[in-house]
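Subject: Structure handover

Hello,

Here is the structure I promised to pass on. Please open it first, then read my notes below.

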Amino acid sequence: MAEKESALLGIMKPMFFEGDKLNPAAVEALELMMAKRGYEITGMQGSQINMVEKAGGGDSGEAPSVPDFCLDSSFQVNKATHWTLHQRLKGRDGFQLYDSAGGSKYFTKGKFFSLGKSISVFTMKQELIFRIVQQIINLRSTYKIKDAEGETLAIVQRKIFHMGTPFRPYYKVTRGTDEEDVMYKVMGNMGGYLFSIKNTDDQVLATVREKASIQNGANKKKNSYELAVQPGVDALMMSFLGIICDLIDNEG
């Protein structure tokens with residue numbers, strides 16, 4: 001990071017607090033400013049502001065390591081990609097994923113009468129391929145990603161408190177039914193409009209950012225998100241994590 005940017009952050013640091021408490025508005029303003037420069041703030045400790053380069057932005061040098069996990073290899077490409085996850089007008093919990101050229105890749109439908117959220121994922125030919133199912137018996141917000149036959153492929157669980165990010169949403173993503181086999185960590189910002197999906201080495205694999213639009217402001221339950229995905233990362237899985245973040249964010 002440039003020296004003048006580091007100096008600027010040092011000057012602005014006192015603006016982030018009101019007494020002993022963080023000022024969310026000031027933090028979000030800083031996050032927006034640094035996002036334009038290709039950085040994402042991950043935390044503040046004492047006088048230090050921690051940040052990482054955003055996925056798909058800048059030349060970070062070494063490519064991040066990608067977990068040996070893939071829902072669909074056709075969503076893995078050897079370059080950084082951008083996608084749009086759009087919440088549809090009709091249908092409960094209905095989303096649609098578009099590639100950078102505007103082509104539709106899949107859509108979802110929610111089940112109206114179910115104990116907890118239950119979302120089915122279909123190809124554009126209306127073939128069922130995956131399900132995203134909420135586990136209501138768990139005290140923490142927990143979702144399972146299952147294949148069409150009902151086998152659990154991954155579990156996404158929101159942590160109530162995380163030492164590194166005490167004021168931000170934090171999720172862990174584990175393989176299959178093994179809650180100790182962590183593949184991804186998902187961290188949100190204080191406003192809930194930007195999520196970073198990382199590997200266990202804290203390298204950013206993808207970001208999910210809510211689009212700033214009049215439409216999103218008018219209806220918080222009908223949002224659009226931009227997905228920036230690093231080379232070799234399964235964009236399908238990243239989009240599912242984006243959907244789950246939206247579902248959990250709307251639980252409140």
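**What was found**

Tyr98 has Ser104, in strand 7, as its bridge partner. This is a predicted model: local features need pLDDT of at least 70, side-chain atom pairs count only at pLDDT 80 or more, and totals for chains, interfaces and linings use all residues. Residues are numbered from 1 along each chain as its sequence is written, and side-chain values use heavy atoms, with hydrogens and water left out.

**The barrel**

Strands here are DSSP runs of E, at least two residues long, and helices are runs of H or I, at least four residues long, numbered from the N terminus. Two strands pair if DSSP finds at least two bridges between them.

A closed barrel of 12 strands runs 5-6-7-8-9-10-11-12-13-14-15-16, with antiparallel pairing. Its twist averages 20 degrees from one strand to the next (axes are lines fitted to C-alpha atoms, for helices over the stretch in contact; angles run from 0 to 180 degrees between N-to-C directions).

Some pairs in detail:

- Strand 5 (residues 81-87) pairs with strand 6 (residues 95-98) over four bridges, antiparallel. His86 is bridged to Gln96 of strand 6.
- Strand 6 pairs with strand 7 (residues 104-110) over three bridges, also in the antiparallel sense. Their hairpin has five residues between the strands, and Gly102 takes a positive phi near 90 degrees there.
- Strand 7 pairs with strand 8 (residues 118-122) over four antiparallel bridges. Thr108 has Val121, in strand 8, as its bridge partner.

**The core**

A nonpolar core is a set of buried Ala, Val, Leu, Ile, Met, Phe, Trp, Tyr and Cys residues joined through side-chain atoms within 4.5 Å. Buried means under 20% relative accessible area, exposed over 50%, and partly exposed in between (1.4 Å probe, protein chains only).

The largest nonpolar core has 42 residues; Val173, Tyr184, Met237, Met238 and Phe240 touch the most other members. Helix 4 (residues 235-249) gives the largest share of this core, 11 residues. Met237 touches Phe69, Leu71, Ile145, Ala154, Val173 and Tyr184, not counting residues up to four places away in sequence (contact means heavy atoms within 4.5 Å).

**Salt bridges**

There are two salt bridges (a side-chain nitrogen of Lys or Arg within 4 Å of a carboxyl oxygen of Asp or Glu).

- Asp181 meets Arg175 at 2.9 Å, N to O. Asp181 is partly exposed at 27%, and Arg175 is partly exposed at 29%.
- Asp202 meets Lys185, with the closest N and O atoms 2.5 Å apart. Asp202 lies in the loop between strand 14 (194-198) and strand 15 (204-210) and Lys185 in strand 13 (residues 182-188), so the pair ties together parts 17 residues apart in sequence. Asp202 is partly exposed at 38%, whereas Lys185 is buried at 13%.

Best wishes
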